[in-house]
Amino acid sequence: MSKRPITVSVDRLRRKRPDGPPPRRLPADERSCPKCQSHWRADEMRRNLRVCATCGHHFAVGARERLDQFADDGWLELWPELRASDPLQFVDLEPYPDRVERAERAGNNEALVVGELAMGGHECIAAIMDFSYLGGSMGSVVGEKLARAADRCVERGVPMVVLTASGGARMQEGVIALMQMAKTVVAFELMQDAELPVIVVLVHPTTGGVWASFASLGDVTYAEPGALIAFSGPRVIEQTTREKLAPEFGRAETQLLNGQVDAVVDRRELKDRIAKVLGILERPTGLDPAPAVTWAQETAERAASVARGLPERSRRLVSKVLKPEEGA
Ligand SMILES: [Zn+2]
């Protein structure tokens, strides 16, 4: 295959445009809503958590901004130093390290940012995916950070809040990326064994290996309105099957009807909803074991003492059966 660059003639594109006034160029700090065409300044967008105040369209939010939205009073980033290596020396249109470097220049260090914070007064660890970093793809660093986050939760006895936005496994890391599916599932099982809750928020889009692994394993699963939640996106399915899919295919509202999601929650209510659930599921005092653990320990101790007494009692019973005249 030749590697000739694709050239596009601007003149031809101009000719295609219907006659009429040229579209107004927005100032650099303004965004236009793709649904209702309302214009919002950067400060208005940030204040309204990047939700269109007119129609409720949810714009994409970066991981760090999301942590700012969730935290009561600042947050501490964990393991920002982890970086992906390139064991396959993978080159598609450009080498993998070049892609990583470009993504880093845009302001993030990986597709998952983990932070320690308090939400509505409840201590937790939040693992937030960022779609702007290589399509939020899951590679070795995402898997490792999530596994460490689960370890830290168990160590400190705190719940985990996970927010997903991903195109799936990172193809540049090949089978190593696919292995992260199993690794993240084990991390979630660790949380389950320790009786610590995991709250998952599915954000547009949550697809591929991320949806097929940890994203679908939360104890409580919320989704943002209109988010695409599916293994394959509609474009891929339509190209493969050559059939047109319904516009609501894979959307959060459809997944709610299918029972895959517990509730579709507007971003402006999300923090309060999560904090409320954390309050209900939280352990009563700091690092004390959960009531279920205490109950299990007590039951085990009772069973053990019964078992210790059993041989002697059994012996007495047996002797009574053998010599009934002695007891009479
Ligand atoms: Zn709008």
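The following legends describe close-up views of a predicted model.

Local features are reported at pLDDT of at least 70 and side-chain atom pairs at pLDDT 80 or more, while totals for chains, interfaces and linings use all residues. Residues are numbered from 1 along each chain as its sequence is written, and side-chain values use heavy atoms, with hydrogens and water left out.

**View 1. The aromatic pair of Phe188 and Phe214.** One aromatic pair is found in a search of the whole structure; rings of Phe, Tyr and Trp (its six-membered ring) pair if their centres lie within 6.5 Å, and planes under 30 degrees apart count as stacked, over 60 as edge-to-face and the rest as tilted. The ring centres of Phe188 and Phe214 are 5.7 Å apart and their planes stand at 50°, so the pair is tilted. Because Phe188 belongs to helix 6 and Phe214 to the loop between helix 7 (208–211) and strand 8 (220–223), the pair ties together parts that are 26 residues apart in sequence. Helices (H or I, at least four residues) and strands (E, at least two) are DSSP runs, numbered from the N terminus.

**View 2. The surroundings of Phe188.** Phe188 is buried, at 5% relative accessibility, and Phe214 is buried as well, at 0%; buried means under 20% relative accessible area, exposed over 50%, and partly exposed in between (1.4 Å probe, protein chains only). Beyond its neighbours within four places in sequence, Phe188 is in contact (heavy atoms within 4.5 Å) with residues including Leu146, Met160, Val198 and Phe214.

**View 3. The largest nonpolar core.** A nonpolar core is a set of buried Ala, Val, Leu, Ile, Met, Phe, Trp, Tyr and Cys residues joined through side-chain atoms within 4.5 Å. The largest one has 41 residues, and those touching the most other members are Val114, Met160, Val162, Phe188, Leu202, Phe214 and Ile229. Among the elements that give two or more residues to this core are helix 4 (96–105), strand 4 (112–119) and helix 5 (140–156). Helix 5 gives the most, with seven residues. A second, separate core of 24 residues includes Ala63, Val161, Ile199 and Ile274.

**View 4. The loop position of Ala169.** Ala169 is placed in the loop between strand 6 (160–166) and helix 6 (174–193). With a relative accessibility of 28%, Ala169 counts as partly exposed. Its C-alpha atom is separated by 5.2 Å from that of Gly209, 40 residues apart along the chain.
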